[in-house]
Amino acid sequence: MKKVAFVFTHGPHGTSSGREGLDALLATSALTEDIGVFFLADGVFQLLANQQPDKILARNYIATYGVLSLYDIDQCFACATSLKARGLADERHWVLDAEVLAENELRIKLSEYDVVMTF
């Protein structure tokens with residue numbers, strides 16, 4: 001089986017990219033167990049709990065990240081540089097457990113995957 005990485009680079013609201021990526025992630029989990037989830041750039045905002053998308057009339061899909069462990073998806077990584085640049089370096093109240101990696105470590109980890117899908 002191929003190892004598949006899902007890379008989230010966009011914020012959770014304003015575009016459908018994050019929601020579509022999460023849907024694709026869940027669908028792919030039925031086909032392979034070798035899945036990694038990466039949060040880079042504005043994608044780190046996907047990790048934040050207690051979002052209020054209803055205030056902008058958006059769908060709250062962020063809570064769905066919390067069930068990834070039920071799908072045996074436990075390889076989740078966040079970019080330390082992206083977190084720091086957005087003032088989130090000390091934030092740890094996330095919707096899922098993600099290992100924080102330096103940029104070079106993240107690149108090495110990402111290179112281990114056969115397929116990379118970016119959302």
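Author: Across the whole structure, a search finds eight aromatic pairs. Rings of Phe, Tyr and Trp (its six-membered ring) pair if their centres lie within 6.5 Å; planes under 30 degrees apart count as stacked, over 60 as edge-to-face and the rest as tilted. One of the pairs, Phe8 with Phe39, is stacked, at 5.5 Å centre to centre with 15° between the planes. Distant parts of the chain are linked by this pair: Phe8 belongs to strand β1 (residues 4-8) and Phe39 to strand β2 (residues 35-39), 31 residues apart. Strands (E, at least two residues) and helices (H or I, at least four) are DSSP runs, numbered from the N terminus.

This is a predicted model, in which local features need pLDDT of at least 70, side-chain atom pairs count only at pLDDT 80 or more, and totals for chains, interfaces and linings use all residues. Residues are numbered from 1 along each chain as its sequence is written, and side-chain values use heavy atoms, with hydrogens and water left out. The predictor's confidence in each residue, pLDDT, runs from 0 to 100; the chain averages 91.

Phe8 counts as buried because its relative accessibility is 0%, and Phe39 is likewise buried, with a relative accessible area of 0%. Buried means under 20% relative accessible area, exposed over 50%, and partly exposed in between (1.4 Å probe, protein chains only).

Ring pairs also join Phe8 and Phe39 with Phe6, Tyr61, Tyr65 and Phe119 into a cluster. Phe119 is touched by Ser17, as is His10, not counting residues up to four places away in sequence; contact means heavy atoms within 4.5 Å. Ser17 is found in helix α1 and is buried, with a relative accessible area of 14%.
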